Amino acid sequence: MKPLSRYASLNDYVELARSLGLEPARLIRDCGLDPAGFGTQDRWIPAAAVAELLERSAAESGREDFGLRLAQLRRFSNLGPLSLVIREEPDVRSALRLLARHEHMYNEALHTEIVEANGMATIRVSVDVGRPAPVRQAVELTTGVLHGLLRGFAGPTWRPMQVCFSHPAPRDRATYLKMFGPHVEFDQDFDGILTYSSDLDAENAMADPLLHAYAQQLLGAMAPAQEATVADRVRELVELLLPTGRCTVEQVARSLGVDRRTVHRKLAQDGKTFTSVVDDIRGALAERMVANRRHSLTEVGDLLGFSSVSNFSRWFSAKYGVSPRQWRQRPLVPFRPGVEPTT
């Protein structure tokens, strides 16, 4: 399957795009993404779509440094719960290795490798979206974010020996020189950052030794015991696609980089069908959304992917034994599918 990334990988995209005169909502939709999804940062989306959005934005704005500009807006907290753990590592090396080890938690297309030899540390980055596609902006975004993290770990006086990019130089290097300093090279054999190994020995400037043990416990609770299954990914994509009206097995298969038969086969191995997954997720969402009076029942039906409120009402009544309106009138009653409510 093709690698996925979280919406969090596009933090601050909308603001940057608007500041450069772009129409972010149009660009997001053109790349097959949902503008509303930016409010749910932990949702998974195809990494190829993220890379395409960055490339299109750079082309339309005429800013070759679009990815780097986005990196300038990033904060350490954008890593989510992982930031709480990494910041408590005792030294720069352990913080960096922990980041590389768990990067799949927020971006499956990102790969970071740390190689040390002869007193030098080479931190290589690569972006693999699962198919041949331009990834220049994604690489520059990743390198810029990594540079910012290293400065956070090592302190504001740290500077890299060299920053390398495998792609050609931009017409204007001002943003690159401002961020990285004078030692930025293009048309190199790899993408990444060179620094002294001794820089990685430095104490992590953000760490509080008293919190390290607690942070490790948090990581244990946060990290999945095993890689996400196909069923897990399908569930994430169904939640993402339901409100768009494009929640079909074909669309899910395209997002995962497989054909529909593969989706059906993998779900069957877990004792599930695509229809049962959609129905389960609709049920879980419907219970919360119908009880919450914030949305009308027509809006709830739309958000759950039904073509009309009558279709939604029939489905809900068949599943829960009561109409959506009855459920909404008695939000505290613990209804169960197929069980008549008590009076």
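Colleague: How many bridges join strand 5 to strand 7?
Modeller: This is a predicted model, and in it strand 5 (residues 162–164) and strand 7 run antiparallel. Within this pairing, cysteine 164 has glycine 192 in strand 7 as its bridge partner. The number of bridges joining strand 5 to strand 7 is three.

Colleague: Which residue in strand 7 stands opposite alanine 121?
Modeller: Strand 4 (residues 120–127) pairs with strand 7 in the antiparallel sense, over five bridges. Strand 7 covers residues 192–196, and four of its five residues are buried. The residue of strand 7 that stands opposite alanine 121 is threonine 195.

Colleague: Are the rings of tyrosine 7 and phenylalanine 38 stacked, edge-to-face or tilted?
Modeller: The model holds 15 aromatic pairs. In the pair of tyrosine 7 and phenylalanine 38, the ring centres are 5.2 Å apart and the planes stand at 50°. Planes under 30 degrees apart would count as stacked and those over 60 as edge-to-face. The pair is therefore tilted.

Colleague: How many residues apart are tyrosine 7 and phenylalanine 38?
Modeller: Both tyrosine 7 and phenylalanine 38 are buried. Tyrosine 7 belongs to the loop between strand 1 (4–6) and helix 1 (13–19), and phenylalanine 38 to the loop between helix 2 (24–30) and strand 2 (44–46). The pair thus links distant parts of the chain, and its separation is 31 residues.

Colleague: Is phenylalanine 306 buried or exposed?
Modeller: Phenylalanine 306 forms a tilted aromatic pair with tryptophan 315, at 5.3 Å centre to centre and 45° between the planes. Ring pairs also link Phe306 into a cluster with Phe312, Trp315, Phe316, Tyr320 and Trp327. The cut-off for a buried residue is under 20% relative accessible area. Because its relative accessibility is 12%, phenylalanine 306 counts as buried.

Colleague: Which arginine lies over the face of phenylalanine 306?
Modeller: Elsewhere, the charged end of arginine 124 sits over the ring of phenylalanine 190, 4.5 Å from its centre. For phenylalanine 306, the distance to the ring centre is 4.1 Å, and the residue concerned is arginine 282.

Colleague: How is helix 12 oriented relative to helix 13?
Modeller: Among the residues in contact, Val249 and Leu256 belong to helix 12, while Arg260 and His264 belong to helix 13. The axes of helix 12 (residues 249–256) and helix 13 (residues 260–269) come within 8 Å and cross at roughly 95°. Angles of 65 to 115 degrees count as roughly perpendicular. Helix 12 is therefore, relative to helix 13, roughly perpendicular.

How values were computed
Residues are numbered from 1 along each chain as its sequence is written. This is a predicted model: local features need pLDDT of at least 70, side-chain atom pairs count only at pLDDT 80 or more; totals for chains, interfaces and linings use all residues. Side-chain values use heavy atoms; hydrogens and water are left out. Buried means under 20% relative accessible area, exposed over 50%, partly exposed in between (1.4 Å probe, protein chains only). Helices (H or I, at least four residues) and strands (E, at least two) are DSSP runs, numbered from the N terminus. Two strands pair if DSSP finds at least two bridges between them. Rings of Phe, Tyr and Trp (its six-membered ring) pair if their centres lie within 6.5 Å; planes under 30 degrees apart count as stacked, over 60 as edge-to-face and the rest as tilted. A charge sits over a ring if NZ of Lys or CZ of Arg is within 6 Å of the ring centre and within 35 degrees of the ring normal. Axes are lines fitted to C-alpha atoms, for helices over the stretch in contact, and angles run from 0 to 180 degrees between N-to-C directions. Angles under 35 degrees count as roughly parallel, over 145 as roughly antiparallel, 65 to 115 as roughly perpendicular and the rest as oblique. Contact means heavy atoms within 4.5 Å.
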